[in-house]
Amino acid sequence: MSLTTAHSVVAPSSNSKRIAGTIIVLYALISIVPLLWIFATSFKTPPDSIAYPPKILFQPSLEGYCNLFTTRTRQTPEYINSLGPATGFCDETTRKRNMVIAGPSNFLPRFVNSLIIAFGSTFCAVFLGTLSAYGFSRFKVPLADDLLFFILSTRFMPPIAVAIPIYLMYRELGLSDTALGMILLYTAVNVSLAVWLLKGFIDEIPREYEEAAMIDGYTRLQAFWRTVLPQATTGIAATAIFCLIFAWNEYAFAALLTSGTAQTAPPFIPTIIGEGGQDWPAVAAGTTIFLVPILVFTILLRKQLLRGITFGAVRK
Amino acid sequence: MAEIRVQHLRKAFGDFVAVQDSNFVVEDGEFFVMLGPSGCGKTTTLRMIAGLELPTGGQILLGGDDVTMLRARERDIAFVFQLFALYPHMNVRKNIGFPLLAQGMPSAEIRTRVEETAKLLRIDHLLNKSVSGLAGGDRQRVALGRAIVRRPKCFLMDEPLGTLDTEFRDLMVHELRELHNRIRATTVYVTHDQMEAMSMADKIAVMNHGVIEQFGSPREIYDRPATMFVADFIGSPPMNFLGFGGGLAKGAREIIVQGAKVAVPEVREDIAPSDMALGIRPEHIRFDDASKLRGAIYGTEYLGTTQIVAVETADGIIKARVPAEIRLSTGDHVGLTLSSARLSLFEKGSGRAVRTAIHDVASERRAQHG
């Protein structure tokens, strides 16, 4: 008995490997089902999307994407027939439903807002986080422990707990519904995470590197730039992904503080449902496109992310 | 190249005094080693010379200029770290050229200088390699290259061989000394390894608890330790101590240890009665049945040409280094004869060495040479 236990600790038996593999595959399948569902729905026609029982096999259509990017108005068949020939696929599909395209929807500007706000706040949080983490790591900061605890304490409650004060402050300051306001807010929430994550990474980089550079004739800032930053890229990349995911997905503050020009994609997508019936394919199309940037960013940085999750994995 | 002059140097971290009142001069072109156990203040002293720590008091003069409060990059020195601190994101060529880049040197000149340096260290074939794949000795050579390439006023090295394997270390000790003989750069080298210190240094400072216990050539430090700490720290096995009581009068040539008369170098100062210690290097003990100083064999360590014999005396165990041929078995009673001319005397309370003829012979000899 004890022998087999010891054996399984050293090298997993083929049986336990198989069981572990099965569990992982099952879990992966369960996790991916909603994503596949959304992806499939985005290519269904509205009748297919609400068919019961759900259609696994269906004729793919881009109608959802057409509806996502346009606004449409209902017209009489006579009026539609009086128009010239359809100008493209979307025009044709819309006419079949007795509607005409009235103009572009707000999806694209909302998506661009999301990009600006999420990447902008991620950049700010990582920039400030790197500098503060370096400071905490290398210098004798008075009350450093208390300050670090204070920084962390901003994460003790869900950010939305302070929604009302922030709403009132933003209204007073004229930051409501501005990209700047949202960048500031997301930066403030993320910077604590960034400081703590990056401090761990920078602590792991021996200070001899900067000392060597400073003796070699560089200023501290140059030494930081040329020796610490290149070695902290793993940590910076991992931190950036975490910050970006938060800022990209954030819904509550966005719904509360943005309604017009600065609205991001998360609060916008649900509003599609209200326009002309429950247009699930359009919602699904919006969600699918919304997933792409995070997916690409994470895939690009996946090596750093994996190493980053196992903290302190900086090579010496 | 330049002389380094350290005057009344002091460093305190809060209540802890790391270095108290250090004074020494490293002459131009000298290989100077600071030796001591960990926490003795040797690295702190080195970091103050480098400008990585600022002193609490005292002065550091580099080639006559007061650099005490200057930044590291304004001192024109090179530093070799224990972990080498090679930049992992740069190849060997870039690592070595990094200090020159800071000076804004044109890239063609950097290229020439880096190649010259690499040739000097016999690493020219590695220039385009990444540093992460290098063996310990080669990493060490790259770190040295980065120091040499600038032609700085002096080299500071903080246990640069500390992480190398023993066999590599012996090789690098030899290589470092040879390199020093070629370029004659003023060098301050910190180590806790007496073998490194003895085999490389022109001058050694032995430090303990932030105080320089002795400053001198390897020979002086071994033959005429200034304190019991130095006598105990240097030598393997270290110096033996046998306690004896009573005072010493100027001119005395004999003391009584464990009831046996022992001839010692002529005492040159009066010492009031107190606890004293006689210091004997293991190689200055011979076995002689006629001797009144006796002990029993406790154990032996066979080393090939010699053997270390532990002898239990009335005052504890002492170790003797004797030829390997002598056959001994545990429990044998032996008499011990000591080489009188090479013995040291210490005051037990202060640990200070008593002034005797061996010191005077040394200073006379130095006077003749000087």
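## Helical spans in chain A

Let's start with a stretch that is helix from end to end: residues 115-136 of chain A are 100% helix and 0% strand, and their end C-alpha atoms are 31 Å apart. Keep in mind as you look around that this is a predicted model. Residues 182-202 of chain A are likewise 100% helix and 0% strand, with 29 Å between the end C-alpha atoms.

Both spans carry a label in the UniProt record. That unreviewed entry gives the feature "transmembrane region" at residues 20-40, 115-136, 148-170, 182-202, 223-248 and 280-301 of chain A.

## Two domains in chain A

Now step back to see how chain A is divided. The domain assignment gives domain 1 as residues 46-105 of chain A and domain 2 as residues 108-309. Their C-alpha centres lie 39 Å apart, and eleven residues of domain 1 of chain A are in contact with ten residues of domain 2 of chain A.

Which helices of chain A each supply at least two residues of the side of domain 1 that touches domain 2? They are helix 3 (46-49) and helix 4 (63-69) of chain A. Helix 4 of chain A gives the largest share of that side, six residues. Sorted by class, the side of domain 1 of chain A that touches domain 2 of chain A has six nonpolar, three polar and two charged residues.

## An open sheet in chain B

Four of them form an open sheet in the order 2-1-4-5, with antiparallel pairing. Strand 2 (16-26) and strand 5 (65-66) of chain B stand at the edges with a single partner strand each, so one side of each has no neighbour in the sheet.

Elsewhere in this sheet, strand 1 (residues 4-13) and strand 4 (residues 57-62) of chain B pair in the antiparallel sense over five bridges. Here you can find Val6(B) opposite Ile60(B) in strand 4 of chain B. Helix 1 (residues 42-50) of chain B packs on the sheet and touches strand 1, strand 2 and strand 4 of chain B. The direction of helix 1 makes about 115 degrees with that of strand 1 of chain B.

## Two hairpins in chain B

Further along chain B, strand 16 (residues 294-302) and strand 17 (residues 306-313) run antiparallel and are joined by six bridges. Gly299(B) has Ala310(B), in strand 17 of chain B, as its bridge partner. These two strands form a hairpin with three residues between them, and Gly304(B) in the turn has a positive phi of about 100 degrees.

Strand 17 of chain B also pairs with strand 18 (residues 316-323) of chain B, in the antiparallel sense over eight bridges. Thr306(B) stands opposite Pro323(B) in strand 18 of chain B. How many residues lie between strand 17 and strand 18 of chain B in their hairpin? There are two residues between them.

Conventions. Residues are numbered from 1 along each chain as its sequence is written. Chains are lettered from A and ligands numbered from 1 in the order in which they are written. This is a predicted model: local features need pLDDT of at least 70, side-chain atom pairs count only at pLDDT 80 or more; totals for chains, interfaces and linings use all residues. Domain bounds come from an automatic or database domain assignment. Two residues are in contact if their C-beta atoms, placed from the backbone, lie within 7 Å. Helices (H or I, at least four residues) and strands (E, at least two) are DSSP runs, numbered from the N terminus. Ala, Val, Leu, Ile, Met, Phe, Trp, Tyr, Cys and Pro count as nonpolar, Asp, Glu, Lys and Arg as charged, and the others, Gly among them, as polar. UniProt positions are given in the numbering used here, feature names are shortened, and annotations may be inferred rather than shown by experiment. Two strands pair if DSSP finds at least two bridges between them. Axes are lines fitted to C-alpha atoms, for helices over the stretch in contact, and angles run from 0 to 180 degrees between N-to-C directions.
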